Amino acid sequence: MARVVVDVMPKPEILDPQGKAVTGALGRLGFSGIAVRQGKRFEIEVDGEVTPERLADIDRAASTLLANTVIETYDVRVETDVAGTVDADAPTALGGTDHPGHTIDHLNEETV
Amino acid sequence: MTARVGVVTFPGSLDDSDALRAIRLSGAEALPLWHGSDSLDGVDAVVLPGGFSYGDYLRCGAIARFAPVMDEVVRAAGAGMPVLGICNGFQILCEAHLLPGALIRNDVRTFVCRDQGLRVESDRTAWSSRLDVGQEITIVLKNGEGGFVADADTLERLEGEGRVVFRYTGGNPNGSMNDIAGIANERGNVVGMMPHPEHNVDALTGPSLDGRPIFASVLDFLATRV
């Protein structure tokens with residue numbers, strides 16, 4: 001199993017009221033001197049290998065549905081080796097939390 | 001023959017019943033249409049109503065835009081059928097690229113619900129011929145994501161081609177560029193607007209009856225076309 005990540009962000013020139021609200025809240029908490037823009041991250045689990053064709057498919061999915069290219073940009077990238085390789089003891093970058101769900105097979109889980 | 005105007009119900013549509021009622025009051029036959037259908041049941045015009053289709057998941061209108069019925073709506077709109085998108089329906093029309101631009105979260109960061117002043121900017125659409133350019137009307141506005149945005153070229157084209165149909169007056173409620181409340185496609189058969197004319201058709205429930213001419217307009221349009 002491989003994973004492809006699609007990041008979607010509002011274009012720089014598009015107003016981002018959510019980001020502004022988050023920036024304001026952080027300022028009230030003492031996190032000053034920063035500006036937040038809020039986007040979306042899609043984690044796409046792919047059955048089998050990520051071939052160039054598969055990646056092109058996902059790119060098309062991103063431009064068709066995941067992002068509205070009138071107001072958003074998107075970025076598609078392959079995340080390497082996911083299944084069973086997460087080392088619980090390994091430190092994560094910059095002290096962030098380990099992202100949950102790496103061992104869950106969303107492709108085959110029951111949907112309601 | 002009585003005109004037949006359909007209203008599409010998506011999962012999460014809220015104002016489909018009001019739209020159907022407004023159409024009946026205008027004298028047309030109102031037909032409920034279902035998002036999962038691949039037929040428009042032979043209607044003469046279509047209204048995409050307000051609400052929160054598919055829970056506004058992903059983006060407002062983004063998932064509804066790919067509902068089976070939308071293939072037919074896009075095809076019919078291309079053939080000249082009048083289509084009116086109200087609020088969430090406007091968002092769906094933009095997502096479907098039947099109208100340019102997009103609707104983003106209100107700059108005021110709150111849901112806005114008010115009796116909104118509008119100025120009519122075009123009477124050359126299927127949905128505004130009964131109104132006069134410059135006329136001031138009051139229509140209910142209620143949305144969280146009603147800020148119309150488009151790039152500079154698109155805005156210039158909309159303005160230059162007289163495709164801005166309604167403009168907010170008395171203050172911009174949501175950050176819409178150029179105070180735009182409603183626009184039309186080049187042909188004028190497809191109109192999207194954030195305010196809700198279907199709520200302004202009965203003195204019991206609205207401060208004006210200014211929504212009525214919008215539904216009457218499309219009947220005129222259909223009558224002259226047949």
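Helices here are DSSP runs of H or I, at least four residues long, numbered from the N terminus. I start there because the helix labels in this talk follow that numbering. The model is predicted.

Chain B, overall. Its secondary structure comes to five helices and 11 strands. The radius of gyration is 16 Å, close to the 17 Å from the globule rule for 226 residues, so chain B is as compact as a globular protein of that length. Along the principal axes, the C-alpha atoms of chain B fill a box of roughly 40 × 35 × 35 Å. Of the 226 residues in chain B, 58% are buried. Taking contacts in chain B with a separation of 6 or more, 74% are between residues 24 or more positions apart.

Now one element, helix H3 of chain B, residues 88–95. How many of its eight residues are buried? Eight of eight. They run from B:Asn88 and B:Gly89 through B:Phe90, B:Gln91, B:Ile92, B:Leu93 and B:Cys94 to B:Glu95. What do these buried residues pack against? Four strands of chain B: S3 (45–48), S4 (83–86), S5 (102–104) and S11 (190–193). After H3(B) comes B:His97, with a positive phi near 65 degrees.

Last, the interface. Nine residues of chain A are in contact with 12 residues of chain B. On the chain A side, helix H1 of chain A, residues 17–28, gives the largest share, three residues. By class, that side of chain A has seven nonpolar residues, two polar ones and no charged ones.

Conventions
Residues numbered from 1 in each chain as written. Chains lettered and ligands numbered in written order. Predicted model: local features only at pLDDT ≥ 70, side-chain atom pairs only at ≥ 80, totals over all residues. Helix = DSSP H or I, 4+ residues; strand = E, 2+ residues; numbered from the N terminus. Rg over C-alpha atoms; globule rule 2.2 N^0.38 Å. Buried ≥ 20, exposed ≤ 12 C-beta atoms within 10 Å, placed from the backbone. Contact = placed C-beta atoms within 7 Å. Nonpolar A, V, L, I, M, F, W, Y, C, P; charged D, E, K, R; others polar.
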